Amino acid sequence: MVGAKCSDRVDKCVNLTEKFNKRILTMVVDSHEAALNELFVAKACMPMFTGVPVVDLTHPQAKRLIVEACQNVGTFKLVNHGVPFELITRLENEALNFFMQPQSHKDKASPPDPFGYGNKEIGSNGDMGCLEYLLFSTNPEVISPKATLLLQQNPQIFRTGVEDYTRAVKKMCCEVLELMADGLGIESRDVFSRLVRDERSDSILRINRYPASGEVNAEVEEALGGGNLIGFGEHTDPQIISILRSNNASGLQICLQDGTWASIPSDHTSFYFIVGDLLQVMTNGRFKSVKHRVLAGSSISRLSMIYFGGPPLNEKIGPLPSLVSKKEESLYKELTWREYKNATYKSRLSDNRLTLFEKSVTASSLLQLTCHRHFPFVNNFSLGYHDETDGQMDKKGCVSVLMDKNSIISFVQNMIN
Ligand SMILES: O=C(O)CCC(=O)C(=O)O
């Protein structure tokens, strides 16, 4: 089945070569087996990273600390946040009750559309993780039959829990976004918060449960050889800001500037704020949308609840003029959130999706993005240009396509649109 799909797509790709001129793109396809291995990549036992800034929301210097944290690390931990602990534990317990139900019950709200219940599959482009999850939209314009079913079938579990939690976290989110605008010296304090506060804001609540080591099948444990299961693969969050709260199970890691992974200590009393792609764009790259991932198989199961603050779908997002100084160039073009969101849904988790916003896009980065969408079974590939070769599939798993750089760009843009 996978083979048939693969050769169809390869044929399509090779046919395209006739339209383009004399350069060869070689894509080395390292398929299938590697995709399975994706579940088992991470090496265990990293020391806990202590470099994530801690911001006290009630501190007079909070706005400066928030800005510094978003610039330097892309994340910070918020304490004294004002969200009642009772709201947090209520939703956490309700979610745990749901996850404890028989699989057949949970599967009624699956697969997510994209809201509802999901198990192992993240999105529809082949990303897998060792977790189960629930996804709710906070935008009434978004109709999701699966999420509606979930709420109808479990009214005692979710009716007020999700709403109350979301309301409280959104309030805290807006407070932080206003401090952030202030700290950046932006005149209108609500430049970020109005996007999340808008009743059409396309924000999402996600609840993830990752199994503890004791829940993982013994054979899998052995195959890991001391490594860890990937619970949620590496990615950046596409929205403006993500607010993560977890129980005391470890697992969250961020990618540091030198490319190494650092484990973040869990703290069930606080929230981690994570800069999203849109905030990186709006600040013209000043804030960093930090790559992160989660390892499963800690000594207790990890339960996390993440509020993703997003703007209304039709909102145009681009660098804020007041943050692009005269000496600087604007690094990103304008896109609506709908356009960016649609493109992210078509990409793989680990793709550098911000490429779509970039003004100077390289052919190779756009092509990588498209390849993941059109060759979802491809795990690793390398790209290169060669002159005058024959444009055929020359060995198992190696695809050569004739294209010049401009043709690649228009080919990829057509596919993305
Ligand atoms: O579950 C977590 O702790 C984080 C998950 C995450 O990064 C996500 O849902 O985007």
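Student: Where does P114 lie?

Tutor: P114 lies in the loop between α5 and β5. Helices (H or I, at least four residues) and strands (E, at least two) are DSSP runs, numbered from the N terminus. This is a predicted model, in which local features need pLDDT of at least 70, side-chain atom pairs count only at pLDDT 80 or more, and totals for chains, interfaces and linings use all residues. Residues are numbered from 1 along each chain as its sequence is written.

Student: Which other proline is found in the loop between α5 and β5?

Tutor: P111 is found there, with α5 spanning 103–106 and β5 spanning 116–122.

Student: What is the peptide bond from D113 to P114, cis or trans?

Tutor: That bond from D113 to P114 is cis, with omega near 10 degrees. The peptide bond from S110 to P111 is also cis, and its omega is near -10 degrees. Most peptide bonds are trans.

Student: What is phi of N80?

Tutor: N80 has a positive phi of about 55 degrees, although N80 is not a glycine. Most residues other than glycine have a negative phi.

Student: Where does K120 lie, and why does K120 count as exposed?

Tutor: K120 lies in strand β5. K120 counts as exposed because it has 12 C-beta neighbours inside 10 Å. Phi of K120 is positive, near 70 degrees, in a residue other than glycine.

Definitions and conventions: Buried ≥ 20, exposed ≤ 12 C-beta atoms within 10 Å, placed from the backbone.
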